[in-house]
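Subject: Handing over the structure

Hi,

Here is the structure I promised to pass on.

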Amino acid sequence: MGKLKSHTEEKISCYHCGDDCKSNDILIEQKHFCCSGCKSVYEILNQHDLCTYYDLNSNPGVGLKTEIRADKFQFLDNEDIRKKLLQFTNGKQSQLTLYLPQIHCSSCLWLLENLHMIEDGVLNATVNFTKKEVFIVYDETKTTLRKVVETLSRIGYEPHLSLNEISTDSLKKMDRTRWYKIGVAGFCFANIMMMSFADYLSSANHVETKIQTFFQGASLVLVLPVLFYAATEFFVSAWNGLKNRFLNIDFPVALALVITFFRSIYEIFSGIGNGYLDSLSGIVFFMLIGRWLQSRTNQTISFDRDYKSFFPIAINVIKEGKVAPVEIASVKVNDVIQIHSNEIIPVDAILSKGAARIDYSFVSGESMPVAITIGEMVYAGGKQLDGLLELIVVKEVSQSYLTNLWNNPVFTKKEIVRKTSYDTISKYFTYFVLFLGFIAGVYWHLQGKDNLMWNAMTTVLIVACPCALLLSQNYTHGNILRILGLNKFYLRSPDLIEDFSSINHIVLDKTGTLTQTKGSNVRYSGKILSEDLKKLIASLLNQSSHPASKLVFQYLNISDLFEVTNFKEIEGKGIEGWVNDQHIKIGSAEFIGKTQTTQNNGSIVMIFIDGAVIGEFVISNKYRFGVTKLIQSLKKHFTLSLLSGDNDTELKNIEELLGKDSELYFNQSPQQKLEYIKQLQDDHQLNVMMIGDGLNDAGALKQSNIGIAVADTSNTFTPSSDGVIDGSKLSNLDSFIQFARVGKKLVLITFGFSVIYNIIGLVFAVQGILSPVIAAILMPCSSITIIFMTYGLTEWLARKYNLNRKNY
């Protein structure tokens, strides 16, 4: 017998990735490594004098637990595929951008930007840390695209290459339009304001006429690009609202900008003042910054993924005894394809060779892998967990089961024009301001003072500009999105912040959402298992490829096995055989012919040896950390239900978790999940949030009022959704929701403050005695006050809900 390991033995961490080393055998220069992959990366970096990588951060690498297949990237030699991936090539020099989900620290940035020291043909590599992308320029005469990708993979940065990357409708183009608009508005605002200071700070008529005329003309020229370029999105949005017969929040803003512009022209050409051009350009500048803040936090997240993001670019096809990579779209019915371990199956096919153990958890929600025998169907979207397979294609990728999930009309429905509560407020506010301006004008006209009439009407519209509401909304939502992003909860649109206020029901998926995507809990009850008993049981289990057999075998952790004779496996029931002259049966209670002794809170595997039940193993899902606390918090504010594509072996655990008052449905197809959400909305008038993680949840996520996808790592595929939450932060979801719901109140509070601010100006404006200088100063002062208020209040609320407010 081997010596028992001491429980106090110090764990050794891998020098490259930081994972625990299971043995001390992999060692170089007193540096321990958890696997040969990590050791190989160290050797490559050491060979090229790049070990500064390890000095910048402790254990900065990403573990390479599986060896990269030699022909894995052979498809990149295909000229058609290569051209679709490249952004530019002239035959000598080529450029492309690759998504590297492993990028996480300054060591990654340093190593990738020194890629030329490892791969000679690389001319330049520039990392976009926020987007986890690297832009590479390489010399076609010295290296190839395949070699560049293989080099990245060998050092632990395998690019994410999917069918979506070569789709003609998915070319990534960075839209810098808003940056340009902010730059134009800021430049013009600063210069117009600088020229206005001469008028603000001077005594009456002390500015020389020629200088004043020059300043007025220059300001008028500078304001034109602000109004006709930088502010166009406000006019476009206002016009779209009018076409749909409602006044959105941008309409009064656009109206105020037009009135301010023409009033300023009138003052300048009539010689009675300098107008409000500085205020106009300043308001546009601040509002554009607010909208930029709303969009900047989600650059690394994709919310519109479909099956193309899930499938590989190419696959190996066997023709006339030869294996060659073929683009997925070119795979035809009756083609024979190869699928390696941990690869996604992109088409519906029949297994013709190999031992298939398929993980359908992402497609159907079934938590246990499925063993497939030769001649049976294998469906697209499953992942092969064991060795090499050969499959005969039955349906092309465009006709596969997984693709048909996206043919549901819910995925092609047009987005309706949103009407928010802010639009309603701005509509009535606009009516009020127009009415007030009209009344003030009529009053002064009746008094026979037409000069005060026009002054009162236009000044009221300028001073009471609803820009305050838009600024408050933009900056509050922008800061909320920023704080949620820092806590690894990313929302598609700032409009969703208001939608959180109306949610009253939450639907949860089980597999991969409440439970962890990897690993299961195995526990044993019954007779104490001696080493000999463990060895007997493990020997029989080792003959089976069933997922439950593999889990129990791993739990027993026995390597020295007995010979097995007369082995039989009854599909779906159990296995039996003779081991060391003892008859053993392992399987369900029905197969054993006995009654199980434990309650049904997991899959039961009973052990029967020589006519007696020894005990039973219970296999159950591993639930995420903090799930119990999360459910308790959610139940205080929402009603809950659960939809799972898995079977009901976890029914008792789920009932204890959610309570018997929650609706629980198992063995649900993607269509059934979608229809359940629709029923809640139509029949029960509920506003539903769906939380899921797999392709089988995609329809339900799309149908729900808010759909949140759970992702365990940065490179995990997530279906199309309104938001993405990191799996490690799921336990904080209730705090995130409550924080977002308060956002609407913050907008109204800051808007209310600005209304008080404006009432003071309106008192003077309706009298026609508010000077242009004071009106021009009031507008930017109000804007700046709102910006500081929204920032301060959101930071205070983040502290209240214990949310992180700084970059990691």
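Let me begin with the accessibility classes: buried means under 20% relative accessible area, exposed means over 50%, and partly exposed is what lies in between, with a 1.4 Å probe and protein chains only. This is a predicted model, where local features need pLDDT of at least 70 and side-chain atom pairs count only at pLDDT 80 or more, while totals for chains, interfaces and linings use all residues. Residues are numbered from 1 along each chain as its sequence is written, and side-chain values use heavy atoms, with hydrogens and water left out.

**Salt bridges**

Side chains of opposite charge can pair when their charged atoms come close. The rule used here asks for a side-chain nitrogen of Lys or Arg within 4 Å of a carboxyl oxygen of Asp or Glu. How many salt bridges does this rule give? The count is 17.

One of them joins arginine 146 to aspartate 77, with 2.7 Å from N to O. This pair links distant parts of the chain, 69 residues apart: arginine 146 sits in helix α5 (residues 145–154), and aspartate 77 in the loop between α2 (52–56) and α3 (79–85). Helices and strands here are DSSP runs numbered from the N terminus (H or I with at least four residues for helices, E with at least two for strands). Aspartate 77 has a relative accessible area of 46%, so it is partly exposed. Arginine 146, at 18%, counts as buried.

Arginine 146 also has a salt bridge to glutamate 150, at 3.0 Å from N to O. Those two residues are about one helical turn apart, because they are four residues apart in helix α5. Glutamate 150 is partly exposed, with a relative accessible area of 23%. Taken together, Asp77, Arg146 and Glu150 are linked in a network of salt bridges.

Another salt bridge connects arginine 82 and glutamate 140, whose closest N and O atoms are 2.6 Å apart. Arginine 82 belongs to helix α3 and glutamate 140 to the loop between β6 (133–139) and α5, so the pair ties together parts that are 58 residues apart in sequence. Arginine 82 is buried, at a relative accessible area of 14%.

**Helix packing**

Two packed helices are described by the angle between their axes and the distance between the axes. The axes are lines fitted to C-alpha atoms, for helices over the stretch in contact, and the angles run from 0 to 180 degrees between N-to-C directions. Angles under 35 degrees count as roughly parallel, over 145 as roughly antiparallel, 65 to 115 as roughly perpendicular, and the rest as oblique. A crossing is left-handed if the near helix is turned anticlockwise from the far one by less than a right angle, and right-handed if clockwise.

Helix α9 (residues 250–270) comes within 8 Å of helix α8 (residues 232–243), axis to axis, and the two cross at roughly 125 degrees. At that angle α8 and α9 are oblique to each other, and their crossing is left-handed. The axes of α9 and helix α7 (residues 209–230) come within 12 Å and cross at roughly 165 degrees, so α7 and α9 are roughly antiparallel. The crossing of α7 and α9 is left-handed.

**Backbone notes**

Most residues other than glycine have a negative phi. Asparagine 59 has a positive phi of about 45 degrees; this asparagine is in the loop between α2 and α3 and is partly exposed at 29% relative accessibility. Aspartate 581 has a phi near 65 degrees. Aspartate 581 lies in the loop between β20 (574–579) and β21 (582–587) and is exposed, at 71% relative accessibility.

**A surface patch**

Which residues form a nonpolar patch on the surface? They are Phe435, Phe438, Ile439, Val442 and Leu446, with about 510 Å² of accessible area together. Patches are made of residues with over 30% relative accessible area and no salt bridge, joining like charges within 9 Å and nonpolar side chains (Val, Leu, Ile, Met, Phe, Trp, Tyr) within 5 Å. Accessible areas come from the Shrake-Rupley method with a 1.4 Å probe, and for residues only the protein chains shown count as cover. Leucine 446 is in helix α12 (residues 421–446) and is exposed, at 67% relative accessibility.

Best wishes
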